[in-house]
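I opened my notebook to look at how this chain is divided and what holds its parts in touch. My entries follow the model below.

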Amino acid sequence: MPYLRRIDFLPLTRPVIGLEEIEEIIDSIKLGWITTGPKSARFEEELQCYNGIPYCLVMNSATTAQEIALQVLGLKPGDEVITTPMTWASTLNTIVLQGGVPVLVDIERKTLNIDPAKIEAAITPKTVGIIPIHLTGLPAPMNAIWDIAEKHGLWVVEDAAQAMGACYQGIKIGANPRSVMSVYSFHPNKNLTTGEGGCIALHQEQYVNRVKRLRFHGIEKDAWKRFAEDGSPHTEVMEPGRKANFMDIQAAIGLHQIKKLDAFNERRGILFRRYLEGLSGIDGLLLPWEGDQDSRHCYHLFVLRILPEIVGMDRDAFVQALRDENIGTGIHYRPAHIHSYYREYYAQNPGALPPGGLPECEWSGERLLSLPLWPGMMEDDQDQVIEAVRQVISQ
Ligand SMILES: Cc1ncc(COP(=O)(O)O)c(C=O)c1O
């Protein structure tokens with residue numbers, strides 16, 4: 001029986017788009033330049049400036065960004081890349097699609113991020129790189145990861161899809177050149193959205209032209225300039241590339257979102273701490289860690305873990321009970337190696353998964369759920385979530 005049952009459904013998240021974004025889209029439409037153009041170039045400059053990174057190259061998604069990053073780094077069939085399965089499928093898919101092997105390492109229970117103490121045991125002569133994920137917007141322990149990577153001559157590409165605005169040791173995620181590249185997502189549920197979209201952040205100029213051409217048919221120059229007043233209509237295809245360019249109507253949203261990002265993240269932080277306070281002292285819940293000076297959260301997600309051994313109810317029943325209250329939740333994530341394709345894949349590649357499995361990923365994967373959180377969420381709504389969680393558990 002529901003206790004409070006909200007009249008309207010409270011979603012897990014919702015993009016916060018203002019009049020400024022809407023007017024900027026209209027401006028792009030009136031200008032007649034809606035695909036890749038001057039606003040996309042300006043958005044790249046804003047990203048570079050915000051993150052303190054020399055090159056931010058935008059495209060259609062973080063998934064494509066990671067695929068291109070791996071291609072530019074020369075990932076070959078059989079190369080091994082160390083990562084965790086506690087992520088969105090794209091982190092593994094992009095490796096497998098290029099013939100690479102995602103070698104899985106367990107996470108730390110406290111952070112849900114890769115456990116650096118377990119990385120070295122996974123390194124073999126075939127290992128070429130490490131992809132840590134800043135899950136929920138909490139930075140992974142990068143110093144330990146970089147030390148291991150440098151000791152073994154591996155590259156590091158950060159999956160920063162959820163980490164726009166998060167900082168590691170005082171600088172933005174992606175801004176430390178010890179990682180060769182980082183990848184951001186601008187999907188609608190992310191801290192900064194452009195509808196869909198993603199970006200490769202990098203430090204070395206040598207990769208810039210290759211990334212640019214791989215995101216647009218393999219054409220050598222900034223293709224959008226072909227149709228500009230001072231452009232030349234000729235094209236030169238240097239290699240097969242993707243059609244993954246970013247549109248000015250996406251940049252129109254991003255140009256305003258980036259100005260609001262710090263305020264969005266501050267508001268997310270307030271709501272995150274209200275959850276911590278409102279849910280403290282409940283037996284049977286493991287609340288998320290807020291990070292510290294070294295790892296400054298951007299509060300993308302509030303992920304709690306429900307302990308069925310104490311609550312007497314498993315995660316899926318708990319999700320359903322909140323659903324009965326008209327409250328939406330998310331699962332970030334079901335570990336990738338549990339999905340049917342990867343079950344089969346690791347059965348055939350047993351060396352890529354530790355013999356005892358990944359007990360921490362599996363433990364958390366069965367217990368975690370995300371509560372509604374976005375900068376426009378009102379305190380009253382949040383109080384109802386807190387009350388619903390308390391009621392469901394006390395039942
Ligand atoms: C950790 C992580 N990596 C990668 C992605 C992929 O991002 P996109 O949807 O922009 O391709 C996501 C998206 O949810 C994500 O959460």
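**Domains.** I looked up the domain assignment, which is automatic or from a database. It gives domain 1 (19-258) and domain 2 (261-394). I noted that this is a predicted model, where local features need pLDDT of at least 70, side-chain atom pairs count only at pLDDT 80 or more, and totals for chains, interfaces and linings use all residues. Residues are numbered from 1 along each chain as its sequence is written. Taken over C-alpha atoms, the centres of domain 1 and domain 2 are 25 Å apart.

**Where the domains touch.** I counted contacts, meaning C-beta atoms, placed from the backbone, within 7 Å. Here 34 residues of domain 1 meet 31 residues of domain 2. On the domain 1 side, β3 (101-104), β6 (167-168) and α7 (248-278) each give at least two residues. I took helices (H or I, at least four residues) and strands (E, at least two) as DSSP runs, numbered from the N terminus. The largest share of that side is four residues, from β3.

**The core.** I then looked for nonpolar cores: sets of buried Ala, Val, Leu, Ile, Met, Phe, Trp, Tyr and Cys residues joined through C-beta atoms within 7 Å. Buried means 20 or more other C-beta atoms within 10 Å of the residue's own, with C-beta atoms placed from the backbone. The largest core has 95 residues. Val 183, Tyr 184, Cys 199 and Ile 200 have the most contacts inside it. α7 supplies the largest share of this core, eight residues. Domain 1 and domain 2 each put at least three residues into this core.

**One residue.** Which residues does Ile 200 contact, leaving aside neighbours within four places in sequence? I listed Leu 57, Ala 65, Ile 68, Ala 69, Met 181, Val 183 and Val 211.

Definitions and conventions:
Two residues are in contact if their C-beta atoms, placed from the backbone, lie within 7 Å. A residue is buried if 20 or more other C-beta atoms lie within 10 Å of its own, exposed if 12 or fewer, and partly exposed in between; C-beta atoms are placed from the backbone.
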